[in-house]
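Subject: Handover of a structure

Dear colleague,

I am passing the structure below on to you. Please look through it first and then read the notes that follow.

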Amino acid sequence: MKKIYIVLLSITVLFFAYATLDAFWWSGIEDYLEFNEEYDDSDSSELAYFDISDYYTYLEEYDAFYPQVDTITIDAIHYSESVGDNEVMDSYAGVDDVLLTDESSEVTWQVEVDQAGYYNLVLNYYPYSGKSSGIERAVYINGEIPFEGAENITFYRIWGNETSITQDVNGNDIRPSQIETPFWNSMYFNDHVGYIDEPFAFYFHSGTNTIQLVGVREPLMIKSIELQSVETLMDYDTYEQMYQSESVVEDQLEFIQAEEQSYSSSPTLYPLADRTSVKTMPNSASLVRLNTIGGNNWRVSGDFIVWTFQVEESGLYSISLRVKQRLATGMNVYRNIYIDDEIPFQEMENYAFVYDTNWRIQTLGNEEEEYLFYLTEGTHTIKMEVSLGDYGAVIGQVQTSINNLNKLYREILVYTGPEPDQYRDYQLTERIDNLVERIQAERDSLASIRETLIEISGSKSEKTGILDTVILQLDDFIDKPREIHTQLLTFNSNISSLGTLVLLLSAQPLEIDYFLVHSQDANLPQSNASFVSSLWFKICSFFSTFTTDYSSLGATGDYETDTTIEVWLSIGRDQANVLRKLIDESFTPISKIQVDLKLVNSSVLLPATLSNVGPDVAMGLGNSIPVNYAMRNAVYDLSQFEDFDEVATRFMESAMVPFEYEGGYYALPEQQTFLMMFYRTDIFEELGLEPPQTWDDVIALIPDLQKHNLEFYLPIPITQGSVMNLAPNPIFSTLFYQNGGTFYTDGNTRCGFDQGSGPEVFEMWTQFYTDYSFPVQADFVNRFRSGQMPIGITYYNVYNTLSVFAPEIRGKWDFVLVPGTEVDDGNGGTYIDRSTVSSGTSTMIMNDCEDKEAAWEFLKWWTSTETQVRFGREMEGILGAAARYPTANVEAMSQLPWTVSEYSKLMEQWEWVKGIPEVPGGYMTGRHLDNAFRMVYNDNTNARETLYDYVQVINAEIESKRREFGLD
Amino acid sequence: MNRTTVGSTGLTKRQLLWKNIKKSKHSYILLAPYAILFFTFTVIPVFMSLGISFSYFNLLEAPRFVGLSNYIKLFLEDEVFIIALKNTLILAVVTGPVSYLLAFLFAWLINELGPKLRSFLTLIFYAPSISGNAFLMWLIIFSGDVHGYANAFLINWGFIDNPIQWLKDPDYMMLVIIIVQLWLSLGVSFLAFIAGLQSVDRSMYEAGAIDGIRNRWQELWHITLPSMKPQLMFGAVMQITTSLAIAEVSMQLVGFPSVEYAGHTIVTHLIDFGTVRYDLGYASAIATILFLIMMTANLLVRQILRKVGN
């Protein structure tokens with residue numbers, strides 16, 4: 001026993017000794033320059049071995065002459081040619097003579113240039129309100145797009161906090177909404193993906209040149225375009241020389257809280273709450289305090305945040321920041337730092353922040369000395385902009401490798417198919433030109449990328465690990481080219497992991513707590529708390545979890561209301577928080593109805609309703625639930641409300657179909673997603689194919705695809721895990737509707753699959769799998785990325801996934817309407833019927849609700865265009881483009897940030913969408929349709945007979961349910 | 001006998017009972033927490049379910065008495081129930097005894113090893129049972145995609161040309177469920193058996209050796225097994241209830257409802273009616289039948305275990 005006491009005692013002593021030392025001594029010797037990197041003046045064009053080399057080729061196309069002349073200004077209103085809905089305005093927002101160009105406009109200007117050579121272009125613009133997405137324009141110089149990057153030049157919108165940070169009734173901070181705070185500003189034409197980290201240089205020959213801007217996305221208001229000479233920045237030594245005579249200030253220490261930003265380039269750049277360190281200012285153990293900004297939201301190249309600060313006396317200042325960079329493991333992240341909208345010296349371009357797990361205070365400088373900035377008395381701004389720095393070129397190289405390897409993969413696929421025979425010699429070396437040489441070239445290029453990565457960040461990481469795997473495999477291929485086909489599957493997944501590498505490298509997250517503008521001699525605060533105080537903070541936080549109610553979302557204020565409705569929703573917490581905020585801002589104050597919002601699991605609704613403790617309104621429900629509840633008198637018929645018909649016009653008719661039961665409507669749609677056809681433009685171009693317009697075209701396309709061992713994707717949704725209703729297969733439903741089918745006939749008493757063209761359609765659909773061997777189960781997104789499955793039909797929100805998670809195929813895919821069926825229009829001609837089906841979510845009022853009028857007010861408010869648009873934009877603001885909201889409100893859809901061409905395609909398809917009705921016993925329809933399909937596929941039974949058999953089963957269930965509800 | 005006692009002390013039966021209760025009130029107080037919980041959450045629901053099974057109850061409206069009609073429908077009209085019954089019995093018969101025997105076999109073998117290695121192997125065997133939904137990894141192994149492990153392996157070795165839809169082809173679905181269930185269910189009984197083997201008094205073996213036990217089999221049958229009867233009983237009960245109540249594994253792996261109901265069990269049938277079709281009366285009838293099956297199986301197993309060591 002004594003032993004234990006001795007051990008315990010010595011542990012206690014050591015603990016106290018550590019805590020004391022930690023608090024008084026170690027914290028006192030902090031090196032604020034520790035994390036600075038030596039400035040590296042490398043030129044990325046040396047690495048120019050890649051796709052974006054298009055730009056570098058362009059730079060070499062003409063004499064490398066960069067004239068140093070006065071800026072040439074072209075006034076926007078003096079255009080030479082204009083197509084589209086453009087408007088000359090006398091004055092806007094304090095600036096005279098401006099031109100408002102439309103989303104689909106083409107405007108051309110003429111410019112006289114004396115000296116031929118490369119110039120930078122600057123646009124003076126106003127981010128005119130549109131759909132809140134980035135403004136994109138294609139640039140044509142003398143009638144042609146000079147290089148690839150000029151196809152979409154992005155001009156940023158300006159976002160700011162709507163209000164300052166306020167508190168709710170519990171004292172927690174509320175995240176301020178991000179709204180557009182536009183003003184006139186100017187921007188270089190540069191690479192919006194950030195691979196090229198300097199403004200684009202455009203070549204103008206002497207004499208008259210034309211510049212044309214073609215609208216891609218969003219309207220744009222232009223004051224002028226400037227041709228500026230390409231300049232290089234001075235380095236710090238020169239800067240120091242320049243301000244040598246100025247005095248170094250003394251005794252100055254000013255905090256700038258990063259969460260109080262002036263404006264930024266993106267709505268995702270909102271204040272965050274950090275609880276990882278007690279030293280983060282401000283902080284509280286029990287309450288939510290918004291105290292930092294950035295983090296994972298601030299990772300996309302080109303995004304910037306601007307802060308404003310005051311300086312009391314003119315002189316030379318140091319600038320320090322309290323930052324954390326722990327998200328990009330083993331990497332540096334880069335920022336361009338601007339003081340008063342200008343990068344003061346070269347070193348502030350691509351300033352590196354190294355990886356470290358803790359918060360730190362870092363003084364801008366290099367490893368030996370801190371940089372001194374000359375600031376005059378008064379107001380200044382500091383702007384930090386994400387740049388890819390050294391990674392830009394690397395990413396470009398990886399992209400090229402991915403393209404080449406994918407192309408190689410597809411070429412091999414032509415001979416081997418996706419599941420090659422292990423024991424066959426495909427003689428790939430003879431069949432594919434320069435196979436080994438090409439692999440060798442890629443291997444070398446990847447090896448040099450690996451070297452570069454290690455050089456930049458100083459260590460190996462999971463990023464180089466990805467490269468190692470690929471290089472190892474390519475080495476194997478080079479050694480034994482006859483066995484390439486045996487490793488085809490892993491080859492494919494290795495290529496997609498290179499795509500992940502691109503995502504990893506291009507993410508540049510950095511979280512900032514505060515800035516310090518201080519004199520060189522100032523006593524900087526500690527960046528990390530001592531052991532004891534952070535332990536105490538954590539203990540306090542832990543105990544506060546017992547008193548905080550996490551399930552209810554606190555309201556912000558007390559309004560004088562007499563009615564309260566209870567709303568349950570089963571969506572994510574982010575969504576719920578946004579909804580709470582919208583309610584507090586625009587519903588409760590106007591309608592005087594309090595909303596008690598609760599986040600619950602959707603499976604709770606049924607038992608709760610049963611025991612009479614259910615909500616008044618339920619949100620985010622599957623399409624099949626409302627009618628199932630309606631049959632059992634648990635939901636209120638919305639068509640009882642006088643203005644129901646008016647509200648219903650907000651949606652497509654198809655969206656209301658699943659909520660209709662015996663003449664009543666029992667829910668309103670929230671979201672509606674429908675099918676679209678996605679295809680790889682690059683592969684289709686390469687093979688000389690066109691996306692199919694009709695199902696006959698699809699069948700005609702199959703041999704062309706299969707010749708190259710490529711696949712077509714038609715989804716077969718499956719049920720897995722949680723209890724749910726299997727909706728009728730979307731592809732079958734699409735075909736069935738296009739051929740004039742009706743789901744339920746004879747007053748919803750029987751299933752219509754066996755009538756009219758139903759059996760024929762079913763046979764055709766099953767043939768895709770039995771005769772044309774389409775894959776029954778496949779990961780569409782990944783195969784689409786690799787190009788193995790260059791075309792497929794799926795719900796349109798896959799767009800979000802592809803645009804965010806597949807950077808390596810950016811701009812190489814498109815979506816179009818689903819294939820149709822040619823139908824006789826009755827006048828001897830034909831048209832293509834593009835009917836398809838949708839899925840979605842809904843919201844309904846429970847029958848137990850006491851104040852149905854209030855609940856109806858809430859539903860009307862929630863599904864209104866304004867609320868849906870705000871909700872959609874807020875969601876996209878918080879979660880990024882991956883969360884684009886598939887609203888069911890038609891008008892709201894037009895205000896979400898889709899481009900003109902995307903929107904018009906979506907609308908065209910949406911018009912064709914048909915709803916699938918819900919009937920008693922309808923859950924059997926999808927289930928047995930799937931069973932029929934599986935039986936045909938697994939056992940090769942006769943398709944038509946199988947369908948007839950299963951329709952009998954479906955009909956039996958419908959009949960028994962109708963009897964149960966006394967409908968017959 | 002009672003009557004005479006009552007007469008002789010001059011107390012009524014009720015008074016005597018009350019006296020007895022008072023006398024041993026401490027036992028009752030100690031018993032109370034468990035008894036209350038057990039009654040509220042087990043006994044009462046069982047009887048409620050029994051009651052509901054004679055009614056039509058759609059969860060949203062008040063139940064309505066319908067007599068035996070649920071049971072008539074269940075046995076005479078519901079073809080799917082027969083499929084579910086068949087599947088459940090197959091699963092119970094295959095996974096129940098097999099995993100019971102396997103668990104015992106492994107426990108017996110591992111018990112012979114040194115303490116360190118033994119605890120390590122125990123952890124390995126018990127891990128599947130405590131790791132919750134980790135069996136979802138079988139989804140990747142048996143994915144119907146060409147990239148699923150099982151398919152990729154078989155294709156690589158030239159056994160098949162096209163991927164097998166393991167989880168969507170009725171020919172294979174039961175096989176997959178059985179494999180996964182076996183993997184999952186080894187744990188609990190295994191742990192009980194290990195504990196049982198540990199608790200056998202070592203001196204018994206010596207005594208046995210003196211009394212003429214000649215080999216390990218005899219030792220097992222006459223000494224080891226009889227002395228760990230409680231553990232055997234516990235393992236058996238656990239095994240029966242889990243294998244008759246298989247649902248989660250089937251739902252997660254082959255989907256709910258599964259293709260052509262090939263992976264349908266009594267419990268998934270119950271869930272189908274209870275949640276998808278809102279017919280709780282009918283679901284209760286199924287539950288009652290399941291309850292009866294479990295009771296019978298338990299009685300049967302008790303009979304068999306009684307024979308151990310004789």
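**What was found**

In chain A, 43% of the 968 residues count as buried; a residue is buried if 20 or more other C-beta atoms, placed from the backbone, lie within 10 Å of its own, exposed if 12 or fewer, and partly exposed in between. Please note that this is a predicted model, in which local features need pLDDT of at least 70, side-chain atom pairs count only at pLDDT 80 or more, and totals for chains, interfaces and linings use all residues. Residues are numbered from 1 along each chain as its sequence is written, while chains are lettered from A and ligands numbered from 1 in the order in which they are written.

The pLDDT, which is the predictor's confidence in each residue from 0 to 100, has a mean of 86 in chain A, and 95% of the residues reach 70 or more.

With 968 residues, a compact globule would have a radius of gyration near 30 Å, and the 32 Å of chain A agrees with this. The radius is taken over C-alpha atoms, and the globule rule is 2.2 Å times the number of residues to the power 0.38.

Chain A holds 26 helices and 42 strands. These are DSSP runs numbered from the N terminus, with at least four residues (H or I) for a helix and at least two (E) for a strand. Two strands pair if DSSP finds at least two bridges between them.

Five strands of chain A form an open sheet with antiparallel pairing, in the order β2-β5-β15-β7-β8. Strands β2 (81-83) and β8 (153-155) of chain A stand at the edges with a single partner strand each, so one side of each has no neighbour in the sheet. Strand β7 (residues 135-141) of chain A runs antiparallel to β8(A) and is joined to it by three bridges; there, A:Ile135 stands opposite A:Phe155.

Is strand β34 (residues 668-680) of chain A mostly covered or uncovered? It is mostly covered, with twelve of its 13 residues buried. β34(A) pairs in the antiparallel sense with strand β42 (residues 838-845) of chain A over six bridges, and A:Gln671 stands opposite A:Thr841 in β42(A). Antiparallel pairing also links β34(A) to strand β38 (residues 791-795) of chain A over five bridges, and to strand β39 (residues 813-816) of chain A over four. A:Phe678 has A:Gly792 as its bridge partner in β38(A) and A:Phe815 in β39(A).

Yours sincerely
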